[in-house]
Amino acid sequence: MVEESTSKKGEVYSAVVIAAGAAVWLAAAGLLFSGYAWRDQLIVLALVPAAILTGMFPTTFPVPSGLKLTSEKITFTLSDAIVLLVACWYGLPASVFVAGIEGLTSSRRAVRRLSSNFYSFGMMSLASAAASASFSAIMRYGFGESGTGPDQSFPAVAVVLFAASIVHLVVNTGLCSILFAVRLGNSILQSWKENLLWAAPMFLPTSAAASLMYISLQYHTLVMVVVGAPILIAIHLGRRQHRGSVQERLDLIERAQAEREREHRERVELMEKSHRETVEALAVAINAKDEVTHEHVLRVQIYAAGVARLLGCTDAEIEALRAGALLHDIGKIAVPDYILNKPGKLTAAEFDQMKLHTIVGAQILGRVDFPYPVVPVVRHHHERWDGKGYPDGLAGEDIPLTARVLSVVDCFDAVREDRQYRKAMTRDEAINFITGGSGSMYDPRVVGTFVAHLPEFEAEIIARRNAPLPTYGVGPAEQLSAAALAVAPAAGLARDPEAEQKVGAFTPEEQGALRELALAVGAPRGAEESLAAFTRALAALVPFETCAVALVAPETGEVSIAHAAGRHAELLKGRLLAPGEGVTGWVISNRQSFCNTDPKLDLPTPLAEMFADYRTLAVVPVLRGQETLGAIALYSSSLDRYGPAQQRLLEQAATLLASSLPSEEREHTTAPPAVVPVGGPPRIHLSSQLTH
């Protein structure tokens, strides 16, 4: 918009100068051919080719603006001396007539652009008119002489020609400076001062040449040529010499400017590299606490950038959204793992701690001088349109637009991925979810724009599907080596009461039940019979309404419910589990127990309805060394929770089951169960021909 406004101003100014110059030239031509004798008219017409001839030896200088080079140029010709001589000898009409024609022809030789040619014509006509008028006024009121021609005294002519040349210079440079200032957006006065001081040495010698040519012309025209030609040639050569020195200085300026620009580019590139590395370092920090999916980040970036572009966001805001798609959860490094990885619902206290990740993330990123506004995206991406979000409870348009965009597109993509606490939604379900939140959770304009253009975004995602995915510096976290794990602190290790409780003594009843369980899994029988015997013996140890044993197929890694007992057992048996699906999938993937959560979180929706009256769940992994063999899940409708003792017994049962399952790492032999020592957990090493 600024460039268009400047261009229009330049066009208007040029048109005004052309119109004024043309009016003055036409008036001068009319006076010349109506008020001059025919002999004087012929002489003036004869001087036109002379002016054009002298104008064929121009000296062109590029115009500097401070230390900045411009594409504008200014041209000096020797015809200025002829114009001043005509003004002295024949007056204003003849001078303007000759100057206008010479300005048009000399400009035409330099630039084949009519607008520039006519501007030069108008400018030279106006400058010549001002110089001629000042000549007549100073002669009349300064020296008491009137008229033109050879009858004027030489001292008066010399002084007045010098004054007229200054007026010519001031008007000429003034008109040029206004044009340059309008085109370049500079100060008119500053531009005029620079050009006046710079052009004065080039122009003023022409007044001395005109004065000498005036004296010579009083003797004879040939004398004027003999005297004037060497002077004009000397002026031309002096200008060329000066142009060479000016060009050297301009070359130095240009090289210095190029060097500064190169250094500036290097600084910008270094800053951009620093910001990229900062983003990648923060991404690694995120990955250390919370799993980052590259495909999810890429999709969210495409969605967010597309919506932001349609809503008129700036390039900086779009870049902020690209970074925000990756960094908006950076504050989760301050949230404990047990909250981040909890499959069930969060308590009020846990959710309050989760809310802090928006503030912590904004504080972390606020210390980085990003060239785009990423901090508002991170702080406010959990605000709601109705003002019921966090951390600041902003509502409506008070929420930054970038945060409103990210909250919609990130939620849409997130609900379409499986989580340990829920199943993924379909595309239509996800669309219905965000449209259902329009006007309450989300900005209706953002939702409408996103849904309307979703096919376009999906086409872009498909087009980029075969391209290598960006990693954003995110990779597997480096693990501690065996040597590092063996290192103990210098002050020794503290007692772990919880761990000691888990390996504490079993009661005589529990020891008896564990013996029965050991015998059940150790007896040689088929796989189905062994698992059935195991679940029957387990029921005497830990109460449940439903038990499911999930096993990992060693050949394929596929997880399935190999056996189920109790209520709805027939619904569970044989069900395949996707990696990380439900609480059982999470336990197998993470090799950690998870107890006392909503049983429905472990089941798909149709099955969850059948378990509506169940109140708690306990899942423990079945591990043998570094092998993950499966998991045991207990569902209860009678218990509110499984206590520490029950969890300890269930984990011991999982150990017994693991010892009985076949392993690819050893031969399978049948051995009698070891006796459970009184006062400690059973150390049982069993093996059977049980297969699955």
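## Helix H3 against helix H4

In which handedness of crossing, left-handed or right-handed, does H3 pass H4? The crossing of H3 past H4 is right-handed. This answer comes from a predicted model.

Two numbers describe a pair of packed helices: the angle between their axes and the distance between the axes. Helix H3 covers residues 79–90, and helix H4 covers residues 92–110. They pack at an angle of about 160°. Their axes lie 7 Å apart. Angles over 145 degrees count as roughly antiparallel, so H3 is roughly antiparallel to H4.

Now look at the residues in contact. H3 brings Ser-79, Val-83, Val-86, Ala-87 and Tyr-90. They meet Leu-92, Ala-94, Ser-95, Val-98, Ala-99 and Glu-102 in H4. By class, this contact has eight nonpolar residues, two polar and one charged.

## Helix H2 against helix H4

Helix H2, residues 38–54, also packs with H4. Here the angle is about 30°, and the axes are 9 Å apart. The cut-off for roughly parallel is under 35 degrees, and H2 and H4 are therefore roughly parallel to each other. H2 passes H4 in a right-handed crossing.

From H2, the contact residues are Val-44, Leu-45, Val-48, Ala-51 and Ile-52. On the H4 side they meet Ala-94, Phe-97, Val-98, Ile-101, Glu-102, Thr-105 and Arg-109. Sorted by class, the contact of H2 with H4 has nine nonpolar, one polar and two charged residues.

## The largest cavity

Rolling a probe the size of a water molecule over the atoms shows where empty space is left. How many cavities of 30 Å³ or more are counted? The count comes to two.

The largest cavity holds about 50 Å³ of space. Its lining is made by Ala-548, Ala-550, Ile-561, Leu-572, Arg-575, Leu-577, Thr-584, Asp-602, Ala-631, Ala-633 and Tyr-635. Strand E3 (546–552) and strand E8 (627–636) each give two or more residues to this lining. E8 gives the most, with three. By class, the lining has eight nonpolar, one polar and two charged residues.

## The second largest cavity

The second largest cavity has a volume of about 30 Å³. Which residues line the second largest cavity? They are Glu-383, Arg-384, Trp-385, Ile-399, Arg-404, Ser-407, Met-441, Tyr-442 and Asp-443. Four of the lining residues are nonpolar, one is polar and four are charged.

Terms used. Residues numbered from 1 in each chain as written. Predicted model: local features only at pLDDT ≥ 70, side-chain atom pairs only at ≥ 80, totals over all residues. Heavy atoms only, no water. Axes fitted to C-alpha atoms, helices over the stretch in contact; angles between N-to-C directions. Helix = DSSP H or I, 4+ residues; strand = E, 2+ residues; numbered from the N terminus. Parallel < 35°, antiparallel > 145°, perpendicular 65-115°, else oblique. Left-handed = near helix turned anticlockwise from the far one by under 90°. Contact = heavy atoms within 4.5 Å. Nonpolar A, V, L, I, M, F, W, Y, C, P; charged D, E, K, R; others polar. 1 Å grid on protein atoms, 1.4 Å probe; cavity = no way out; pocket = protein on both sides within 12 Å on 5 of 7 lines; lining within 4 Å. Points joined across faces, edges and corners; volume = space filled by probe spheres on them.
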